[in-house]
Amino acid sequence: MRSIVAAVGLLIIANPALPQALKVPPGFEVVEFADGKLANDIHVMTIDPKGRVVVAGRGYIRILIDDDGDGKADRALDFASSPKDGAMGLLWEGDTLFVMGDGGLRRFKSKNGDKADGPSELIRTMKTGGEHTSHAIQRGPDGWLYVLCGNTAGIDKSYAELPTSPVKEPIAGCVLRFHPDRRPHAPREEKPHAERDAYGVGKCEIVAHGFRNPYAFDFNLAGDLFTFDADNERCVSLPWYEPTRFYHVIDGRHYGWLNPQHAVTWRRPPYFCDVVAPIATLGRGSPTGVACYRHNQFPPEYHGGFFLCDWTFGKIHFAELERKGASYTAKTRVFLESLGDNGFAPTACAVDPKTGDLYVSIGGRGTRGAVYRIRHRPRFKAMAGKLATLKMAKRSLDMTDEYEQMLKSKEAAHHLQALLIARRHTALGDFQSASPLGKHLPHFDDLHIRQAQADLIRDRLRGASPRHKEAFDNAVRKAGLDWSMIFGLGMLQHDRLATLGRGLFLLEESKNRGQRLEGIRLVQLGLGDIGSKKAIGTIWEGYTPRIDVTDAATARKLANLVSTRGGDLDFELARTLAILGPDDPGVRALLLTLCGPNSGPIERIHYLACYARIGGKRFDDTEAKLVARALLDLDRAILSGKRQRESNWALRVRELYIGLAEKDPALHQAMVEHPDFGRPDHALFANTEGFPKEKAARIFLERWRRGKDYALNGNIVQLFDALPADDVLPTIRKRWGETGQENALLPLLAKKPIASDRRKFIDGLNLPQSAVVVACLDGLQRLDGKCDAEETFALIRALHRSQSDARKPAPYGARLAGRLQKITGQSFGSDSKRWIAWLEKEHPTFGKRLANPDGVDVAKWDARLAKLEWNGGNADTGKTVFHKASCTTCHSGSQAIGPDLAGVASRFSRADLLTAILQPSKDVPARYQTTVVETKDGKTYQGIVIYDAVDNLMLQTGASITVRMDGASVVSRHVSAQSLMPAGLLDPLSDREIVDLYAYLRSIK
């Protein structure tokens, strides 16, 4: 059997209840080192000085012990019962365990290494506990302590405590490093955080910034730092989407992400000359663990490469590095992937320095925890007695004797390191020995080196005398093409117009598209950069100027440079024209050509956004018809390109349409009169102010009547509200159960209900949306028929939920109580506890179901699910069940509000996945927690906040349904523990349908 496993690279880990299969390359074996009984929901992992695996999660740090040496943990030592919010970083050095959690960077001391000597000491206050806050901790090859922070960790300029800090004004996620100096310093009032220096962590520098949410990092054999950053997953198929990225981290550099300081979703593209591009991209996913393989156990091709964990898809990638100039490129491949039902959501990985085994932990969001050990069995045997770690090169941030040699080296990596050291000493005022700008230097056509040279120029100018500034000004005017970008970036903070001039010079004089692309970026910076504060949270983040700017001369020059070839250069020329917004019919015509029928959907959205920003009156409907054609064909372009869409897609495209319609009043009519108008995605445009809604609704209704497979969506349902009830209700009742939009259709039924609708209203009382619950109450009261125990239970459950937040009970609670009193004759008012007690006595079966917030009889479901034959499911049939169970409402298409389900059955065990479906409010991730808002007019809305400002609040209350409120109209708001996903989705399904549904979920990749 072992030879068969080795041949196909597949290991089946025995588990009678939930078989797990992990696919690895030939020669490797995977063993479950510890299961969830020893440590569940593991957040992070490390190896202690004794070679033992240490894991941590919410409220625990444990050491896993293999007593009998069989390669599996037999027990766990409880090292500490904190951090309460769950450690996000671990580093064990000697008798010290550094931990990130409970409000900052902490340190435990342990004399025996088995248990903490006492509570942890807070070394540095930092934001923790969130998925995008402070994360991993590592000791660098230079002796400094490095910390990785996500974009909501709140890192600001106060963390640039040392004058040598490469970054002074951080944006988004950062890499920090703390001086290893352990000497005590002055008291707190003189030097911030200095009273904590005695704990072994000195003052801080900000190394690099512009990350979204990298969770872990490591150093390669050369001592360079690497991390794996998250994609902006909600923006798939939008012009600024970037997949997960593997980065070489270089001092002082920005990596593109701008949230929260300058944008919500837009990010600088990787081809900008002031951004570092990734050395590899790996598609969609959720990056977690990162480990460089610095050991000789695995075959040589793994030495110095990186293992990268993807939580979303249950995979581990391997990245093989190759030098390229001052940085690297990386070839990636999948090293391990999950094929089983047990759930494999990797959160961390670590290499045992003694054996070279790779350990991987799984968990996250309350899911099953486990630790796996990966070994290359043939090499492990062959290298017996010779197993050893591979040495990592030492680094120093100080100016050493090798500085001059590195500076003049023909090796780009050495030269870059010398420039970074020179900049540190320039920051200390050592201009004479540190600055290489006046010396004869080897020329490198390497962006990283040129960026470092620009940094030196900027720093020198910051403290330069008038004479030196004049010399630089003269140098800029005389600079050739090769030095224009360097001077342009370097002069930006000193003279913005000089940067603008260098950009125009490159655009007009260079024939090299790369240099011209650098030129257009310099122009953007010279104009004040991209992103108006007023545009934050909208599509216009990437198409508006950061400062008010008018430059007709520059606009004319750029207009003459745009071509119809497309590509990055035309992409950015168009963006820059959008920033300037000239009144130029020729530019509008050119942009409409670029978003014509042959353009891809992403390019089309971009050029339409640029077109919308160009000024000038549209005199007839010629342009409106071209815009309508481009917009109405977006859905087909997305489908033909096999592209996905997430929740932000519909929101941003709707904003695009509103902006286009504001510039051209003829657009609404051109849309509704276009012969292609009426496909489901077109309702996104029709649900905007000024659109002829009734005419559009009749077109959609007729298409739905004729098309058996017509995909009704929430936007169309909203439009049906513009039609008389008698026109739309017959079709709704005839097609009930086929659409996946039944919940959204309930308010329409409630306008003019018939007896057969009663069951639908009872089920609807279980939904989380306040407006739907109220509509179902209206429908039941209009019918006023005979009630039964099912309706009584549904009303009591809804009443109980309406009071789940004691701070602000739902306003419709009194109506629920009134209905209950009328149909039962009991007078308990709005006291849900008395109603539940009565229900338990009168109807015990129903009473048990109220033991959890979703009203589910868990024991009954557990017994039912345990009897199912899970291996016989049909994914094709399951797709139909997915639609029948209304899952498509929130998890599919451009209007999805729930999480993308790709890879869901790989990262979650079957038990965890079914629990999430049956009890959606049991553990709601922060991203999908809803907010309940009450307005002055007495209305209550519940949804996910998608835009929040002092004067404006926008909630997404359902698939494709958004509510915008004036900030002044909001009376109260609070976060709810109730999921937008309704409970009971599996109730109407047969055993076979449940099995088929699970088979379909497993097939989604």
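## Basis of the description

The structure is a predicted model, in which local features need pLDDT of at least 70 and side-chain atom pairs count only at pLDDT 80 or more, while totals for chains, interfaces and linings use all residues. Residues are numbered from 1 along each chain as its sequence is written, and side-chain values use heavy atoms, with hydrogens and water left out.

## A four-stranded sheet

Helices (H or I, at least four residues) and strands (E, at least two) are DSSP runs numbered from the N terminus, and two strands pair if DSSP finds at least two bridges between them. Four strands make up an open antiparallel sheet, in the order E16-E17-E18-E19. Strand E16 (217-219) and strand E19 (280-281) stand at the edges with a single partner strand each, so one side of each has no neighbour in the sheet.

E16 and E17 run antiparallel and are joined by three bridges, and Phe-219 has Leu-225 in E17 as its bridge partner. The two strands form a hairpin with five residues between them, and in the turn Gly-223 has a positive phi of about 90 degrees. On to the next pair, strand E17 (residues 225-229) is joined by five bridges to strand E18 (residues 245-249), and these two also run antiparallel; here Thr-227 has Tyr-247 in E18 as its bridge partner.

## The enclosed strand E17

A residue counts as buried under 20% relative accessible area, as exposed over 50%, and as partly exposed in between (1.4 Å probe, protein chains only). Five of the five residues of E17 are buried, so this strand is largely enclosed by the rest of the structure. In a regular strand the side chains alternate between the two faces of the sheet. In E17, Leu-225, Thr-227 and Asp-229 point one way, whereas Phe-226 and Phe-228 point the other way, and all are buried.

In helix H15 (residues 622-632), the buried residues include Glu-623, Ala-624, Val-627, Ala-628, Ala-630, Leu-631 and Leu-632. Among the elements that cover the buried residues of H15 are helix H13 (585-594), helix H14 (601-613), H16, H17, H18 and H19.

## Salt bridges

A salt bridge is a side-chain nitrogen of Lys or Arg within 4 Å of a carboxyl oxygen of Asp or Glu, and a search of the whole structure finds 61 of them. One of these joins Asp-681 to Arg-645, with the closest N and O atoms 2.7 Å apart. Asp-681 lies in the loop between helix H18 (667-673) and helix H19 (683-686), and Arg-645 in the loop between helix H16 (634-640) and helix H17 (647-663), so the pair ties together parts that are 36 residues apart in sequence. Asp-681 is buried at a relative accessible area of 17%, and Arg-645 is buried at 19%.

Within helix H17, Arg-652 forms a salt bridge with Glu-655, the closest N and O atoms being 2.8 Å apart; the two residues are three residues apart, and are therefore separated by about one helical turn. Arg-652 has a relative accessible area of 4% and Glu-655 one of 12%, so that both count as buried. Elsewhere, Arg-758, Asp-784, Asp-788, Glu-791, Arg-819 and Lys-822 are linked in a network of salt bridges.

## Glu-337 in strand E23

Glu-337 is found in strand E23 (residues 327-338) and is partly exposed, with a relative accessible area of 24%. Contact means heavy atoms within 4.5 Å, and, leaving aside neighbours within four places in sequence, Glu-337 is in contact with Ala-21, Leu-22, Lys-23, Gly-314 and Lys-315. Glu-337 and His-317 are 20 residues apart in sequence, and their C-alpha atoms are 8.7 Å apart in space.

## The second largest cavity

A cavity is a set of points, on a 1 Å grid over the protein atoms alone, where a 1.4 Å probe fits but cannot get out, and its lining residues have an atom within 4 Å of a point. Grid points are joined across faces, edges and corners, and a volume is the space filled by probe spheres set on the points. By this rule there are six cavities of 30 Å³ or more, and the second largest cavity holds about 80 Å³ of space.

The residues that line the second largest cavity include Pro-163, Lys-168, Asp-251, Arg-423 and Asp-459. Helix H4 (residues 412-427) gives the largest share of this lining, four residues. By class, the lining has four nonpolar residues (Ala, Val, Leu, Ile, Met, Phe, Trp, Tyr, Cys and Pro), five charged (Asp, Glu, Lys and Arg) and two polar (the others, Gly among them).

Definitions and conventions:
On a 1 Å grid over the protein atoms alone, a cavity is a set of points where a 1.4 Å probe fits but cannot get out, and a pocket is an open set with protein on both sides within 12 Å along at least five of seven lines; lining residues have an atom within 4 Å of a point.
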